[in-house]
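Please look through the model below before reading on. My notes follow as numbered points.

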Amino acid sequence: MAAEPPSSLSYRTTGSTCLHPLSELLGIPLDQVPFTNWTPSVCLVNFVACQLFALFAAFWFRIYLSPGKTSPDVRHAFATIFGIYFVIFCFGWYSVHLFVLVLMCYGIMVTASVSSIHRYSFFVAMGYLTICHISRIYIFHYGILTTDFSGPLMIVTQKITTLAFQVHDGLGRRAEDLSAEQHRLAVKVKPSFLQYLSYLLNFMSVIAGPCNNFKDYVAFIEGRHTHMKLLEVNWKQRGFQSLPEPSPTGAVIRKLYMTLVSLLLFLTLTKTFPVTCLVDDWFVHKANFLTRLCYLYIVMQASKPKYYFAWTLADAVNNAAGFGFSGVDKNGNFCWDLLSNLNIWKIETATSFKMYLENWNIQTATWLKRVCYERVPWYPTVLTFVLSALWHGVYPGYYFTFLTGTLVTVAARTMRNNYRHYFLSSKALKVAYDVVTWAVTQLAVSYTVAPFVMLAVEPTISLYKSMYFYLHIISLLIILFLPVKPHAHIQRQPQTLNSINKKKKD
């Protein structure tokens, strides 16, 4: 996930004795319990205050520093200055880590050869991020949020590597070797220092993201963003002689309403069903299997509102500044979802593991696809899950989740390819198939992501033991005994201009 939002769990202490069930399970003090994500309230206040201030600054930025009134350099400078201030306000001297990484990678940008710039940038950025993740565990005792500078660092790492690969595509590869998307996003001139800082540290996305493309960001700063997207959908063919000026106000209001609902759910549902319930003696030893299955689903549902809140608010901030326009839908309505990080409706109604993942943390999934999945020569699914786990951090729970996710993804794909076509012959069968696959998907996701929020080994093993490792066993049986049938529509490597021309000749 991108820049995990602050969270807290309730607990009770008596003197130095902690009555928190997770602390009792591990036999350590509460401040060393890794998976409670305990954060002082001041940090949550700082996060929300920064994002709300960024929202007002975004409206001001769009109205008073519009491209028609100020130069791109002025817009770059103000966006950067605000972003640096927000980072220092939230994280104090720990923000130095962010600035050190940015400066190191800009040095690579201007000195490295275009044939190697993407490799050096990737290993330096990911290496520095991993060192910081490790230091949070072994030095800062699982990252009290006053020292949790990793969120912005994760976003910056995505942007650094995205830009490096796009510069490599634009300057270090032949056009005919690029896919259509790589060709569209390729950067053919290295950015100036101000452009680089602005792209990485602008106030709209430095705290909670999301990652975006350099060309889209520069087009936004220069005032070409909305017109460029309208031209992509052939606006004049719709009978208009001049390009309109879409307003983001309606989209911002809708997203702010969703953030309010998410906040209310976080303050009620999340507090009522905390993740600590999953290691409670009643859950582990007394509840029957079906009860555990349902309760796990409820607890994992209750953990979502904080992400809905943080990501939707971040999206609203970008839209308020005029960034995030994606074009026109089939009904002719303006869309402001270029930077959206999730589709809540599709998440909650997902009928496959793949559909769920495609609509959760969308920009991170896109980043993983562009820098890893489409580029590695072997084991793309496994390596993409490994990169995702490394990027998130070094908590053991992340690796439980992503390794389990790899297993479930392969099993789900095998099941779908073997049996789905039997249920497409009638509407009734298709509805029944969708209902069953929805329930299975939601339960599978809850089982898979539980270690992600628990983080440590002991509670994860305790949970999976209480669930009899049922999903692991079922997934392995499916992979071992069902035939592997290739899906006609799966295409990992993007088509390049060379491959398209070759097909035409054939």
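Where is the place of Gln158? Gln158 sits in helix 6. Helices (H or I, at least four residues) and strands (E, at least two) are DSSP runs, numbered from the N terminus.

1. Ground rules. This is a predicted model, where local features need pLDDT of at least 70, side-chain atom pairs count only at pLDDT 80 or more, and totals for chains, interfaces and linings use all residues. Residues are numbered from 1 along each chain as its sequence is written, and side-chain values use heavy atoms, with hydrogens and water left out.

2. The whole protein. The protein has 23 helices and four strands. Of its 506 residues, 51% are buried. Buried means under 20% relative accessible area, exposed over 50%, and partly exposed in between (1.4 Å probe, protein chains only). Now take contacts, meaning heavy atoms within 4.5 Å. Among those between residues at least 6 apart in sequence, 72% join residues at least 24 apart.

3. Gln158. This residue has 0% relative accessibility, so Gln158 counts as buried. Leaving out residues up to four places away in sequence, Gln158 touches Cys211, Thr364, Trp367 and Trp391.

4. Asn212. Look in the loop between helix 8 (193–201) and helix 9 for Asn212. Why does Asn212 count as buried? Because its relative accessibility is 4%. Beyond residues up to four places away in sequence, Asn212 touches Lys159, Thr162, Tyr199, Ser205, Tyr217, Phe323 and Leu339. Asn212 and Thr366 are 154 residues apart in sequence, but 9.6 Å apart in space, C-alpha to C-alpha.

5. Aromatic pairs. Rings of Phe, Tyr and Trp (its six-membered ring) pair if their centres lie within 6.5 Å; planes under 30 degrees apart count as stacked, over 60 as edge-to-face and the rest as tilted. The count comes to 41 aromatic pairs. One of them is Phe220 with Phe323: the centres are 4.8 Å apart and the planes at 15 degrees, so this pair is stacked. Phe220 is in helix 9 (residues 214–222), while Phe323 is in the loop between helix 14 and strand 3 (327–328), 103 residues apart. Phe220 is buried because its relative accessibility is 3%. Phe323 is buried too, at 0%.

6. A second pair. Are Tyr447 and Tyr470 stacked or edge-to-face? Their ring centres are 4.9 Å apart and their planes are at 75 degrees, so the pair is edge-to-face. Tyr447 lies in helix 20 (residues 427–454) and Tyr470 in helix 22 (residues 470–481), so the pair ties together parts 23 residues apart in sequence. Both Tyr447 and Tyr470 are buried.

7. Charges over rings. A charge sits over a ring if NZ of Lys or CZ of Arg is within 6 Å of the ring centre and within 35 degrees of the ring normal. The charged end of Arg75 is over the ring of Phe220, 5.0 Å from its centre. Lys159 lies over the face of Tyr199, 5.5 Å from the ring centre.

8. The second largest pocket. Helix 17 gives the largest share of the lining, six residues.
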